[in-house]
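Welcome, and thanks for taking a look at this one. Please open the model and keep it in view while you read.

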Amino acid sequence: MSATAIFISSPNNCSHYHLGRRNRRDHHRVLFSDHSLILNSKSSSSSPLVQIFVTYPYGRTQKRTSSISTPPFKPFVPVMEWQESTVKMDIKVPISVAYNCYSDREAIPRWMPFISSVKILEDKPDLSQWSLKYKAFGRDIEFSWLARNMQPIPNQKIHWRSLDGLPNRGAVRFFPRGPSSCAVELTVAYEVPQLLAPVASALKPFLENLLLRGLERFANFAKTYSSDSTK
């Protein structure tokens with residue numbers, strides 16, 4: 001019959017146990033349950049490291065080293081939360097004109113006050129590099145991000161999400177009001193640490209005011225865009 005042998009060694013002692021059969025050194029039987037083992041071994045206070053050798057029935061040996069160590073440092077990862085703002089405005093241009101005008105991403109800085117530049121990637125036209133520059137509360141605010149245009153719905157919806165940089169996403173929805181007018185709804189969301197969510201909520205009216213000013217300028221821009229397209 002095969003048996004499992006346990007060797008516990010330290011610089012000052014060595015113990016040898018056999019599972020399920022009589023130990024020849026101390027002449028007593030060591031009993032275990034199927035999956036549990038209790039061994040008491042004294043080790044020198046100057047050598048806290050104890051090596052345990054477990055020999056299995058078919059000669060396989062595993063070496064386990066146990067020591068007291070400090071748990072690995074885990075960096076703090078804040079819980080993030082999305083903050084969303086939505087504004088809506090009626091515009092006196094056909095819905096197709098408003099849709100085509102907003103689809104011209106590189107023209108967005110001409111009417112959105114806090115967007116300084118939008119550059120479409122030549123080899124990947126569905127991607128664009130955005131830069132935000134704005135002075136508020138006595139400070140210059142600057143952000144940049146790479147965005148992907150998601151699959152649009154013609155004359156109904158344009159939406160995007162950032163791939164890196166400032167975490168944000170948004171959508172522009174278009175609603176017909178008649179043959180020569182439509183409503184444009186702009187929704188922008190950005191991600192902030194949950195601890196800063198109350199601050200972001202307090203700034204929501206300020207952001208919505210910026211977005212509304214952007215739509216007002218977009219309405220004038222779209223009229224000029226419409227005039228140019230009919231020439």
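Which element gives the most to the lining of the largest pocket? That is strand β8, with seven residues. Please keep in mind that this is a predicted model.

## The largest pocket

The largest pocket holds about 1,000 Å³ of space. Its lining is made up of 38 residues, and those closest to the pocket centre are Leu132, Phe143, Leu166, Tyr190 and Leu207. Several elements give two or more residues to this lining: the strands β7 (127-136), β8 (139-149), β9 (157-165), β10 (168-178) and β11 (181-193), along with the helices α2 (197-202) and α3 (204-230).

The lining has 31 nonpolar residues, five charged ones and two polar ones.

## The overall fold

Stepping back, the protein chain has 11 strands and three helices. Following the sequence, the order of these elements is β-β-β-β-β-α-β-β-β-β-β-β-α-α.

The chain has 231 residues, of which 32% count as buried. Among contacts with a separation of 6 or more, 48% are between residues 24 or more positions apart.

## The nonpolar core

Now for the largest nonpolar core, which has 41 residues. The members with the most contacts inside this core are Tyr102, Met112, Phe174, Val184, Leu186, Leu211 and Phe218. Helix α3 gives the most to the core, with eight residues.

Leu211 is a handy place to start exploring. Leaving aside neighbours within four places in sequence, Leu211 is in contact with Ser85, Val87, Met112, Phe114, Leu186 and Val188. Two of these partners, Met112 and Leu186, are also in the list of core residues with the most contacts.

Is Asp90 buried or exposed? Asp90 is found in strand β5 (residues 80-91), and it counts as exposed because its relative accessible area is 52%, above the 50% cut-off. The side chain of Asp90 makes a polar contact of 3.3 Å with the side chain of Arg177. Beyond neighbours within four places in sequence, Asp90 is in contact with Arg177, Cys182 and Ala183. Ala183 is 93 residues away from Asp90 along the chain, yet their C-alpha atoms are separated by 4.2 Å.

Asn168, in strand β10, is a buried residue, with a relative accessible area of 7%. Which side chain is joined to that of Asn168 by a polar contact? The partner is Trp160, at 3.4 Å. Not counting residues up to four places away in sequence, Asn168 touches Trp82, Trp145, Trp160, Arg161, Ser162, Ala189 and Tyr190.

## A backbone detail at Asn155

One backbone angle deserves a look before you go. Most residues other than glycine have a negative phi. Asn155, however, has a positive phi, near 65°. Asn155 sits in the loop between β8 and β9.

How accessible is Asn155? Its relative accessibility is 31%, so Asn155 counts as partly exposed. The two strands on either side of this loop, β8 and β9, each give two or more residues to the lining of the largest pocket.

How values were computed. Residues are numbered from 1 along each chain as its sequence is written. This is a predicted model: local features need pLDDT of at least 70, side-chain atom pairs count only at pLDDT 80 or more; totals for chains, interfaces and linings use all residues. Side-chain values use heavy atoms; hydrogens and water are left out. On a 1 Å grid over the protein atoms alone, a cavity is a set of points where a 1.4 Å probe fits but cannot get out, and a pocket is an open set with protein on both sides within 12 Å along at least five of seven lines; lining residues have an atom within 4 Å of a point. Grid points are joined across faces, edges and corners, and a volume is the space filled by probe spheres set on the points. Helices (H or I, at least four residues) and strands (E, at least two) are DSSP runs, numbered from the N terminus. Ala, Val, Leu, Ile, Met, Phe, Trp, Tyr, Cys and Pro count as nonpolar, Asp, Glu, Lys and Arg as charged, and the others, Gly among them, as polar. Buried means under 20% relative accessible area, exposed over 50%, partly exposed in between (1.4 Å probe, protein chains only). Contact means heavy atoms within 4.5 Å. A polar contact is a pair of N or O atoms within 3.5 Å; within protein, one must be able to donate a hydrogen and the other to accept it, and residues adjacent in sequence count only if both atoms are side-chain atoms. A nonpolar core is a set of buried Ala, Val, Leu, Ile, Met, Phe, Trp, Tyr and Cys residues joined through side-chain atoms within 4.5 Å.
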